[in-house]
Protein chains: 2
Amino acid sequence: MESITKARKICHLLLRFLAFGATLSAVIVMATSHEKASVLVFQFEAKYTNTPAFKYFVIGNSLVTVYGFLVLFLPPESFLWRLAVATDLVFTMLLVSSISAALAIAQVGKKGNSHAAWLPICNSVPKFCNQVTGALVAGAIAVIIYMILLLNSIHRVLDPLILRKC
Amino acid sequence: MESITKARKICHLLLRFLAFGATLSAVIVMATSHEKASVLVFQFEAKYTNTPAFKYFVIGNSLVTVYGFLVLFLPPESFLWRLAVATDLVFTMLLVSSISAALAIAQVGKKGNSHAAWLPICNSVPKFCNQVTGALVAGAIAVIIYMILLLNSIHRVLDPLILRKC
């Protein structure tokens with residue numbers, strides 16, 4: 001029984017470490033994305049700071065990275081673990097929100113929107129687009145891991161209650 | 001003691017009813033938003049189906065509306081309430097995600113993005129923009145209510161555990 005608990009704890013810590021790595025990668029890949037391009041005589045540089053949604057993505061993911069890093073060093077017997085469900089919830093919401101916003105803009109960047117006369121830009125700056133895609137994939141992995149952690153916490157807390165009294 | 005529990009239950013049901021009303025309004029306001037405009041000789045119609053992010057907003061909010069409606073009729077003693085934390089979590093994520101995506105596009109519609117040569121469209125279709133803003137506000141209210149419900153559920157479930165054993 002004790003070995004199962006230990007395996008569970010290691011698995012839990014591993015998931016948290018992976019989530020930390022995923023958000024950190026998302027921040028680094030998004031923040032380093034920039035590409036110079038010239039269309040006719042017009043020169044421009046694509047970078048994440050040009051788009052509010054991408055800035056929000058970097059800020060949101062940075063906050064979750066710091067949180068994920070701090071949680072890794074929380075001692076297993078700490079009382080604060082009881083509050084981790086609520087903080088996990090808030091930071092997962094932040095992550096979901098920032099990725100959705102960045103994804104919506106990335107979709108316009110890739111496909112454009114003919115109704116609003118917004119042209120796609122990925123043909124001019126393919127390297128930039130690939131880096132943004134990479135950052136979004138890393139962010140999506142982090143969301144999936146945090147969702148697993150959250151649903152697991154809720155299940156673990158609720159399970160004895162369900163069994164005890166329906 | 002019993003009257004406190006009763007007041008709490010009424011408050012809980014009221015919040016759920018408000019959340020249902022908010023998502024329903026968001027769907028109706030967004031789905032009925034359309035405006036015809038002409039720029040020079042070029043005629044166009046702005047509607048939510050032209051933008052994938054707005055379609056996602058309508059679909060996401062519709063799903064949450066149906067869920068919110070069904071939950072209203074769940075008997076108070078039902079065993080399914082125990083699972084409501086997990087389903088609330090998933091549907092709140094859906095709501096947050098759809099609003100963030102729609103907000104990111106609405107921001108481009110309002111301010112444009114000079115770096116990508118995407119021009120703002122709100123000057124041509126102000127009525128459409130106002131309706132989208134209204135839908136986003138209704139959606140944001142729904143998110144806030146679901147967050148309160150979620151944090152309250154987590155607090156209620158965790159509280160006895162925290163008191164019993166730290």
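Leaving aside neighbours within four places in sequence, Asn113(B) is in contact (heavy atoms within 4.5 Å) with Asn50(A), Thr51(A) and Trp118(B). The model is predicted: local features need pLDDT of at least 70, side-chain atom pairs count only at pLDDT 80 or more, and totals for chains, interfaces and linings use all residues. Residues are numbered from 1 along each chain as its sequence is written, chains are lettered from A and ligands numbered from 1 in the order in which they are written, and side-chain values use heavy atoms, without hydrogens or water.

Asn113(B) sits in the loop between α3 (84-111) and α4 (126-164) of chain B. Helices are DSSP runs of H or I, at least four residues, and strands are runs of E, at least two, numbered from the N terminus. Asn113(B) is buried, at a relative accessible area of 7% (buried means under 20%, with a 1.4 Å probe and protein chains only). The Asn113(B) side chain reaches the backbone nitrogen of His115(B) at 3.1 Å.

Chain B can be laid on chain A by a turn of 180 degrees and a shift of 0.0 Å along the axis, with an RMSD of 0.0 Å. The two copies are thus related as by a two-fold rotation axis. Superposition is by least squares on C-alpha atoms of residues with pLDDT of at least 70 in both copies. In chain B, the C-alpha of Ala101(B) is nearest the axis, 2.1 Å from it. The same surface serves both copies, as 100% of the contact residues of chain B recur in chain A.

How values were computed: Buried < 20%, exposed > 50% of the residue type's maximum accessible area, 1.4 Å probe, protein only. Polar contact = N/O pair within 3.5 Å; in protein donor to acceptor, adjacent residues only side chain to side chain.
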